[in-house]
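Let's take a walk through this model together. Have the sequence and the 3D view side by side, and we'll begin with a single residue.

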Amino acid sequence: MIGKLKNIVEDLARDFLNNSLTLRYDICSCPTCRNDMLAYMLSKVPAKYVTTEQGEMYALSEQLKVEHQAIIARVCLEAIEAISKNPRHKVKEDRAQSFQLLLRQIFEDRGLDFRQYHQGVIKRKMAVRIRATAQESYAAYMRFLPNHPEEYDKLLETLCINVTEFFRDSEVWVTAKYLLENLISQKKQKNDKSLRIWSAGCSSGEEPYSIAIALKELLRAEPFNFTVELYATDIDKKCLKDAQAAVYGKDSLKNVNEKYLKRYFTSLGDGKYAVNDEIKSMVKFQYLDLILNDNIKDTDVVFCRNVFIYFNRDLQEQILMKFYKSLKNGGYLIKGKAETIFAEAREVFKDIDSNARIYQKVRSEQ
């Protein structure tokens with residue numbers, strides 16, 4: 001007996017839509033809006049009818065996933081935007097206003113201001129906690145927070161979290177080590193014994209400890225007695241606490257070669273390693289909000305990698321100028337590989353290595 005005909009594009013479109021709406025709290029995703037979004041998608045993607053026999057259904061649906069994935073994903077985004085802007089029902093909640101009120105509540109309760117951060121990034125991260133607490137909207141989550149103060153810690157940890165590891169982006173560190181070596185050589189010629197470096201947005205400490213290890217290696221046989229000041233700052237107090245504990249798993253250490261691992265770490269068993277005291281003592285951790293607080297002064301190098309992705313353009317420009325003022329003439333700024341600087345900032349920073357995202361402060365008049 002031949003099965004009934006079925007449009008399997010509808011199933012693929014529904015799956016895409018449901019997945020896309022899983023963490024969307026900035027738009028209405030009620031049954032009416034979902035149906036309208038699905039109808040919009042089906043009006044844009046040609047139907048594909050097959051019999052409901054299991055073998056044919058499975059083979060063709062897998063083939064369509066490959067062939068039509070890009071167009072279905074694009075049309076899904078179009079449908080969400082079109083329907084969310086003009087829902088057929090009366091809007092019960094101004095979600096944009098509720099989101100801003102939630103950000104203001106976080107600022108008033110915990111002193112962290114995410115209102116100028118990249119809104120898309122913050123919404124995606126915040127949605128994880130809204131879903132985890134089974135709330136249905138920003139407004140509901142805003143009411144939930146005061147009665148569950150422990151949730152604040154989980155929320156802030158989610159909002160601030162960075163994926164990090166020792167010597168992240170190994171190819172960048174090749175250039176960074178060369179830069180530090182040249183900087184040390186230049187300072188010796190000037191009889192300058194000071195070296196001040198700032199790791200801004202240091203997360204759980206892998207970056208500043210990587211810098212410390214690189215410097216220790218460069219200065220191991222150096223008779224010139226340098227005074228190294230290595231500052232590491234972040235707004236996440238839990239991350240700072242973890243950084244000061246300096247215990248890491250194998251995933252964080254995958255880029256650390258065997259020589260460094262033996263020289264600068266102690267095995268604790270169970271795949272855990274502790275940073276040795278000679279490296280820990282080189283790093284000064286402290287809380288610092290890049291937006292609200294003063295920057296570290298007179299730095300030779302600022303590492304600020306994979307932090308700017310959280311900021312909108314205006315805020316990025318403000319932070320860049322803070323780094324400009326922080327750096328000595330000729331000092332270096334190292335950003336994340338996915339980040340760049342805007343055209344206006346190129347008047348005060350020149351490109352040293354575009355692939356490694358290393359820039360040098362253009363000399364200013366004293």
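In which strand is Asp300 found? Asp300 is found in strand 9, where helices (H or I, at least four residues) and strands (E, at least two) are DSSP runs, numbered from the N terminus. Before going further: this is a predicted model, so local features need pLDDT of at least 70, side-chain atom pairs count only at pLDDT 80 or more, and totals for chains, interfaces and linings use all residues. Residues are numbered from 1 along each chain as its sequence is written, and side-chain values use heavy atoms, with hydrogens and water left out.

Back to Asp300: it counts as buried because its relative accessibility is 5%; buried means under 20% relative accessible area, exposed over 50%, partly exposed in between (1.4 Å probe, protein chains only). Leaving aside residues up to four places away in sequence, Asp300 touches a set of residues including Lys187, Arg196, Lys328 and Tyr332, contact being heavy atoms within 4.5 Å.

Axes here are lines fitted to C-alpha atoms, for helices over the stretch in contact, and angles run from 0 to 180 degrees between N-to-C directions. On the helix 4 side, Phe99, Gln100, Leu102, Leu103 and Ile106 meet Gln119, Ile122, Lys123 and Met126 of helix 5.

Helix 6 is another partner of helix 4: their axes come within 8 Å and cross at roughly 20 degrees. The two are therefore roughly parallel to each other. Among the residues that helix 4 brings to this contact are Phe99 and Leu102, while Tyr141 and Met142 are among those from helix 6.

What about the core? The largest nonpolar core has 48 residues, and Phe114, Met126, Leu290 and Phe323 have the most contacts inside it. Such a core is a set of buried Ala, Val, Leu, Ile, Met, Phe, Trp, Tyr and Cys residues joined through side-chain atoms within 4.5 Å. Helix 4, helix 5, helix 6 and strand 9 are among the elements that each supply at least two residues of this core.

Finally, look at Ala246, which has a positive phi near 60 degrees and lies in the loop between helix 10 (237–245) and strand 5 (247–249). Ala246 counts as buried, at 0% relative accessibility.

How values were computed. Angles under 35 degrees count as roughly parallel, over 145 as roughly antiparallel, 65 to 115 as roughly perpendicular and the rest as oblique.
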